[in-house]
Amino acid sequence: MDIIRVLNSIDATVWGPAMIVLLLGTHLFMTVRTGFIQRKLPLAIKMSVTDDDGAEGDVSQFGALVTALAGTIGTGSIVGVATAVLAGGPGAVFWMWLTGVFGMATKYSEVYASVKYRVKDSGGEMLGGAMYAWERAFKRADGTTPWWAKLGAVLFCVFAVIATLGTGSAVQSAAMTGIIESSFPDLPAWGIGLVIAVSVALVIFGGVRSISKVCEKLVPVMAVAYVGGCLVMLAWNAPYIGDAFATIIECAFTSKAAFGGAVGSGIMIALQFGCARGLFSNESGLGTAPIVAAAAATKNPARQALIAMTGTFWSTVVICLITGVVVVSALLAHPEIMAAGSISEGAALVSAAFSTLPYVGTPVLVLGMVSFAYSTILGWSYYGNRCITYLFGRKAIRPYQIVYVIVGFLGAIGVGDVVWTISDIGNAFMAVPNIIMVLALSALIAKETRHYVYDGNLDEACEDEIPLIESK
C-alpha cells in the first residue's frame, strides 16, 4: 500500500461519521445554546465596520476580521468547492453551505472564549486562542492548571503549527503556482515560488499589525472582484441556475448521479466531503480565527465574537455557495467537460468550468485564486506564530517564520493533491481539542451572551482584567 492510499485511508477515518457528528452536532448545539445567535447577523455586519473606541487591543475589530477572512477565503473557497463536487457530488455543496449557516454559532462561541481568556505579554501584545482558554478557564482554586487542560492546550498548538505549514503555506503556494503556470506556461515554478516567498516574508516578518494592514486593503477588494466575476458567470449560464440549485438539493438527499453519470455518490459521501470542505473553507470549530480575534480592540468578548461570525457567513454562506452554483451550472451547460473522463482533480474541474465563459472566466479564476491564496498564506502565518509562541516562547517566532516561507517555496515547486489530504487530516486533529473546549464552556458562553447580546449590554466594558504573562 503506497503512502497516498495510507493518507486517504486516514483521511476517510478522521472525517468519518464521528467527526461529522462532532462538528455538525457542535454547530447545532451552540446554535441552540446561544439563542440562535445567527439572527444577530445584520447587527454583526454593521459592527464589523465600526471601531470600538477606547477598547484595548493590537488591531481594530475590522482588522481582526479581515485577517481571519484572509485565512478562510482561500483555495478552499474555490478549489475546495470543486473538489467536494468531484468527490461527493453536487449535494456536497448543500452540506458545505449548511455547515456555514450553523457554523456561525460555533465561530461566535470559540471567539468568545478566546477573547474572554486572552492574556498580554511583557511586550504589550495580546495573546489568545484555544490554548489560553484551556489554560485559564479550567484553573483550580490554587491557581494551578490541571494536566488534562494543559494537554488540551499543547495538542491544539502542535496540530495547529503542523496545519499552518500545510494548509497555510504549502497548499496555497502550490495552488498559486499551478494556476499561474496554466496561464503562463513559460514561467518556471521556482521563479514563481521565489516571488511568493519574498512577497510573503516582506509582510509576515512585520507581525500582526503588518499582516492586518495588508489584509484590510486586499481582502475586501479581492472578495468583491471575485464575487462580481462569478455573477457574470451565472448570468452567462442563467438558464441553468434553477436546475443547478435543484441538482444540488436533490443530490444532497439521494444517491442520484449527475452530469450524465460522470459524478455521483451516496448521501453519506456528499455529507462527508461537504462538511470537510466546509470546515476547510470557514474554519468554524477549527480554532484559527479566535487566535487573531484575541488581538482585536474590543470592550467585551461578545462584540468581537459577533463580528467574527460574519467571517463564516462571507466565506461559506456567500462565496462557497456562489462558487458551487457556478461550477454546477457550468457542468449542466457543458456536460462535455465531464464526459471526457479526464478530470480527476478539483483544480482542473474549476478551471474547466470557469473557462466556459470566454475572455472573463479564466482571468476571474486566476486573479481570485492568486489573491485568495496569498491572503491565506498571510493569515495562517499569524496562527502559527501565536501557537509556536505558546509552545516555545517569542524566541521561536523568527525560526518558525523562516520555515513557513521555505515550505511555501517548496510547495510551489512540487506538492500535489496529497497536501490537500494531509491538510484535511491536520484540520481534523486540530479541531478536536478546540471543539471540546467550546462544549465544556458552553454554559458560561450562553449565560454571558444573554447578558451582553440579548439584555442590551453590548457597549458595556468587560470588568475582567487582562492578565500579564512573562514572555519566554
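Visitor: Is Thr449 buried or exposed?

Guide: In this predicted model, Thr449 counts as buried, at 1% relative accessibility.

Visitor: Where is Thr449 placed?

Guide: Thr449 sits in helix α20.

Visitor: What is Thr449 in contact with, leaving aside its neighbours within four places in sequence?

Guide: Thr34, Ile37, Tyr108 and Tyr454 are in contact with Thr449.

Visitor: Which residues make the contact?

Guide: On the α6 side, Tyr108, Ser109, Tyr112 and Lys116. On the α20 side, Leu444, Ile445, Glu448, Thr449, Tyr452 and Val453.

Visitor: How do the residues of that contact divide into nonpolar, polar and charged?

Guide: For α6 with α20, six are nonpolar, two polar and two charged.

Visitor: On to α16. How do α5 and α16 pack?

Guide: Helix α5 (residues 79-88) packs on α16 at an angle of about 105°, and their axes are 8 Å apart. That makes α5 roughly perpendicular to α16. From α5, the contact uses Val79, Ala82, Thr83, Val85 and Leu86; from α16, Gly346, Ala347, Leu349 and Val350. The residues of this contact divide into seven nonpolar, two polar and no charged.

Visitor: And α16 with α17, at what angle do those axes cross?

Guide: Roughly 140°, with the axes of α16 (residues 346-354) and α17 (residues 361-392) coming within 7 Å. The two helices are therefore oblique to each other.

Visitor: Why oblique, and not roughly antiparallel?

Guide: Because roughly antiparallel needs an angle over 145 degrees, and the α16 and α17 axes cross at roughly 140°.

Visitor: Which residues meet there?

Guide: Val350, Ser351 and Phe354 of α16 meet Gly361, Thr362, Val364 and Leu365 of α17. In this contact of α16 with α17, four residues are nonpolar, three polar and no residue is charged. Val350 of α16 also takes part in the contact with α5.

Visitor: Is Tyr359 buried or exposed?

Guide: Tyr359 is exposed, with a relative accessible area of 81%.

Visitor: What is phi of Phe36?

Guide: Near 55°, which is again a positive value in a residue other than glycine. Phe36 is in the loop between α2 (17-33) and α3 (41-48), and counts as partly exposed at 37% relative accessibility.

Visitor: Another Phe, then. Where is Phe273, and what is it in contact with?

Guide: Phe273 belongs to helix α12 (residues 267-282). Leaving aside neighbours within four places in sequence, Phe273 is in contact with Ala84, Ala87 and Gly88. Phe273 is partly exposed, with a relative accessible area of 23%.

Visitor: Changing topic. How many disulfides are there?

Guide: The count comes to zero. Cys157, for instance, is in no disulfide, and the nearest cysteine sulfur, that of Cys387, is 4.1 Å away.

Visitor: How far is the sulfur of Cys320 from the closest cysteine sulfur?

Guide: The distance is 11 Å, to Cys230, too far for a bond. Cys320 counts as buried, at 1% relative accessibility.

Visitor: What does the side chain of Ser315 reach?

Guide: The backbone oxygen of Gly311, at 2.9 Å.

Technical notes
Residues are numbered from 1 along each chain as its sequence is written. This is a predicted model: local features need pLDDT of at least 70, side-chain atom pairs count only at pLDDT 80 or more; totals for chains, interfaces and linings use all residues. Side-chain values use heavy atoms; hydrogens and water are left out. Axes are lines fitted to C-alpha atoms, for helices over the stretch in contact, and angles run from 0 to 180 degrees between N-to-C directions. Helices (H or I, at least four residues) and strands (E, at least two) are DSSP runs, numbered from the N terminus. Angles under 35 degrees count as roughly parallel, over 145 as roughly antiparallel, 65 to 115 as roughly perpendicular and the rest as oblique. Contact means heavy atoms within 4.5 Å. Ala, Val, Leu, Ile, Met, Phe, Trp, Tyr, Cys and Pro count as nonpolar, Asp, Glu, Lys and Arg as charged, and the others, Gly among them, as polar. A polar contact is a pair of N or O atoms within 3.5 Å; within protein, one must be able to donate a hydrogen and the other to accept it, and residues adjacent in sequence count only if both atoms are side-chain atoms. A disulfide is a pair of cysteine sulfur atoms within 2.5 Å. Buried means under 20% relative accessible area, exposed over 50%, partly exposed in between (1.4 Å probe, protein chains only).
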